[in-house]
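Hello,

Here is the structure I said I would pass on. My notes on it follow below the files.

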Amino acid sequence: MADEGLFPWKDLPLGCAGTEPGSSRRFNTGDWRSRRYPVTDREVCIKCGLCWIICPDMAYSPDPEAEGYYTWDSYYCKGCGICLEECPKDAISWKEEKEEDKYGPACGA
Amino acid sequence: MISAAEALQDFKKITPKTIPLVEPFSKGHRACQGCGEVLALRLAAKAVGMDMIAVSATGCMEIISSSYQTAWETPWIHVAFENAAAVASGVEAGRKALIRKGRIKDNGSKIVAFAGDGATADIGLQALSGALERGHDFTYICLDNEAYMNTGIQRSSSTPFGAMTTTSPPGKISKGQMTWKKNMPMIAAAHNIPYVATASPAWHVDLMNKVKKAVTIPGPAYIHIYSPCPTGWRCPPETSIETARKVVQSKVFPLFEVIDGQFILTRDIKKPIPVEEYLKTQRRFSHLGPEDIAYIQKRVDADWDRLLKLVQATNPEA
């Protein structure tokens, strides 16, 4: 499991002050998602960037390798489906996600 | 002090091609699936940029951004429910004094207070009114999700008529919330402050431009952002943007700005959709009968006509 920056309450700094800006970036909100994840079909995508700007969890970000496209980050996506609903070309669709793909093999398997 | 119209003379609008890439509100926050409020907060923070001092009243956006880790990349202070505006004015006055004494350099930081509808319309109203009246240079952003969602969906004075909440349950003698929604933007506009606006996350460029205008203008500014809450409104998480669009198209939440007392309608609704279209996707309104919907429609139309008259009276050229 990745270091999510979580620590016991006894280690909190004085006054509960946050000492590291944006430390929530280490927190894995992707495991709130269940069973499905969005996939963009780049053949249909018109590079409008709407998925990036309307994602409440900032799971989409500009792709450094393919200009104009946006990559999806499984670490933050909570699976709300706003990108599917709002995509003007319906280029995004659900794909089934197995629990073992996300967490590794289940206990006893 | 220069007027708002003068301050906006060489205002550079944000266009879909020039959306800022910075994220002063970072990833990994703990908002619910499909939260419209955190989207509104993210867009507002993007428009302000990294030179922001954020003041958060207690509420959803404070809880989800600051439990053990912080989602803020900028200086941020959490205060109680009732005094976000008072603390923002204190930060502004303190910063001004330190600059005057030469203790810190003026880097052009903007002071922005974020609060929910309960912290704005109910508990923090007198602090907000005082701060607007004293004329501090700050922006107050109300993220209106129409109830106290963070503590478990209790009604606030911003809850619309007929909505089901845990403290306004519908039943044999009750229809949910009994009173009409408090008109906070008009209350802020009545303080004769330079800038008041309403925005919806469904029009993200419009929202960012309004926030940018508010921080550009010297003096207090108030922005009321409609923020869908799928958890509290009992609607599917993927429909939160759709709901934010329908509320404007059905005239329930008109988008307007007030610059120096002049009302400007930023989105004229030529072909409105019936209010029922907006109400039916949310389960908090599912108990309403046809006569309740007819009453809401009548009152929404009357409010819209009143706003149009205000636009014509204060802004005859438009």
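**Interface between chains A and B**

In this predicted model, chain B and chain A bury about 2,900 Å² between them, 58% of it on carbon and sulfur atoms. Buried area here is the accessible area (1.4 Å probe) that two parts lose on being put together, summed over both. On the chain B side, Lys27(B), Tyr68(B) and Gln69(B) lose the most area to chain A, together 25% of what that side buries. In terms of contact (heavy atoms within 4.5 Å), 34 residues of chain B meet 33 residues of chain A.

Conventions: the model is predicted, so to speak of local features requires pLDDT of at least 70 and side-chain atom pairs count only at pLDDT 80 or more, while totals for chains, interfaces and linings use all residues. Residues are numbered from 1 along each chain as its sequence is written, chains are lettered from A and ligands numbered from 1 in the order in which they are written, and side-chain values use heavy atoms, with hydrogens and water left out.

There are 2 salt bridges between chain B and chain A, a salt bridge being a side-chain nitrogen of Lys or Arg within 4 Å of a carboxyl oxygen of Asp or Glu. One of them joins the side chains of Arg25(A) and Glu73(B) at 2.4 Å, N to O.

The elements giving two or more residues to the chain B side are helix H2 (36-48), helix H8 (204-216) and helix H10 (240-249) of chain B. Helices (H or I, at least four residues) and strands (E, at least two) are DSSP runs, numbered from the N terminus. H2(B) supplies the largest share, 5 residues.

**Helix H10(B)**

Because 7 of its 10 residues are buried, H10(B) is largely enclosed by the rest of the structure; buried means under 20% relative accessible area, exposed over 50%, partly exposed in between (1.4 Å probe, protein chains only). The buried residues of H10(B) pack against helix H1 (50-54) and helix H2 (82-86) of chain A, and against H2, strand E6 (221-226), helix H9 (230-233) and helix H11 (275-279) of chain B. Just after H10(B), Lys251(B) takes a positive phi of about 70 degrees.

Regards
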